[in-house]
Amino acid sequence: MPAALKSGVHRRFVIVVSIPVVVTLLLWVLYLLPAQLRYARVAKYVPDLATGIDANRSRAEDVEEEEHIDRKRNNFWRMMLYILFIIYPSMSSTVLRHFECKDIYGTEFLLTDLRVECGTSTWRTCAYVGIGLIGVYPVGIPVFFWLLLFLIRKVLRSPRHKDL
């Protein structure tokens, strides 16, 4: 085990901030990737060169398959947005709590675990990771939501959405 993860609080910190990444990858691999691969395999069919028609597939089947992939992709993004919305407070709190130290008789201790001294090499290692994670969780998630809304602002301003 790396020296930086000997402390239980640091090990827990790394595990907790890694869970959303693992869940995202699992969702992608188990939910979206199989549909993409199936579509890629089906889309590789070669029509009969003499007639230009594939006897085994119709255009309607192609359209249906593309619609299926679009539904899968939309469901995947819907799940991801829900997950991001749910994890935002706890992940932000976890990342920012690593920088909250309390002075006790001239020595700084981590407020979440007073057995861990702030400023040690182990704490600094996790602090460097934490600085990057501040960009991912407390700053990155709201910026991501803002960017999504910014990109679809014309759609949201359309007459169809005025009543919302």
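1. Y105 is found in the loop between β1 and β2, where strands are DSSP runs of E with at least two residues and helices are runs of H or I with at least four, both numbered from the N terminus. The model is predicted, so local features need pLDDT of at least 70 and side-chain atom pairs count only at pLDDT 80 or more, whereas totals for chains, interfaces and linings use all residues. Residues are numbered from 1 along each chain as its sequence is written, and side-chain values use heavy atoms, with hydrogens and water left out.

2. Although Y105 is not a glycine, its phi is positive, at about 55°, and the hairpin to which this residue belongs has 2 residues between the strands β1 and β2. Y105 is exposed, because its relative accessible area is 84%; on this scale buried means under 20%, exposed over 50%, and partly exposed in between, with a 1.4 Å probe and protein chains only.

3. I104 stands opposite T107 in β2, while the bridge partner of C101 in β2 is L110.

4. For the overall layout, the protein has 5 helices and 2 strands, and from the N terminus on the elements run α-α-β-β-α-α-α. Of its 164 residues, 23% count as buried. The accessible surface comes to about 11,700 Å², of which 65% belongs to carbon and sulfur atoms, as computed by the Shrake-Rupley method with a 1.4 Å probe, where for residues only the protein chains shown count as cover. Among contacts (heavy atoms within 4.5 Å) between residues at least 6 apart in sequence, 66% join residues at least 24 apart.

5. Which residues make up the largest nonpolar core? This core has 10 residues, namely F13, V17, L84, I87, M91, V95, C126, L133, Y137 and I141, a nonpolar core being a set of buried Ala, Val, Leu, Ile, Met, Phe, Trp, Tyr and Cys residues joined through side-chain atoms within 4.5 Å. Helices α1 (8–43), α2 (59–97) and α3 (121–136) each supply at least two residues of this core, and the largest share, 4 residues, comes from α2. A second, separate core of 6 residues includes V9, L110, C118 and A127. In soluble globular proteins, nonpolar side chains tend to be buried together.

6. H98 is found in the loop between α2 and β1. Is H98 buried or exposed? H98 counts as buried, because its relative accessibility is 4%. Leaving aside neighbours within four places in sequence, H98 is in contact with H10, F13, L110, W123, C126 and A127; of these partners, F13 and C126 are listed in the largest nonpolar core, and L110 and A127 are named in the second core.

7. The aromatic residues deserve a separate reading. Rings of Phe, Tyr and Trp (its six-membered ring) pair if their centres lie within 6.5 Å, with planes under 30 degrees apart counted as stacked, over 60 as edge-to-face and the rest as tilted; by this rule the count comes to 5 aromatic pairs. The pair of F144 and F145 is edge-to-face, because the ring centres are 6.2 Å apart and the planes stand at 70°. F144 is partly exposed, with a relative accessible area of 26%, and F145 also counts as partly exposed, at 25% relative accessibility. F76, W77, F144 and F145 form one aromatic cluster. Leaving aside neighbours within four places in sequence, L84 is in contact with I141, F144 and F145.

8. W28 lies in helix α1 and counts as partly exposed, because its relative accessibility is 38%. W28 and F76 are 48 residues apart in sequence and 7.7 Å apart in space, C-alpha to C-alpha. Leaving aside neighbours within four places in sequence, W28 is in contact with L33, P34 and F76.

9. A last point concerns a charge and a ring. The charged end of R153 sits over the ring of F150, 4.0 Å from its centre, under a rule that asks for NZ of Lys or CZ of Arg within 6 Å of the ring centre and within 35 degrees of the ring normal.

Conventions
Two strands pair if DSSP finds at least two bridges between them.
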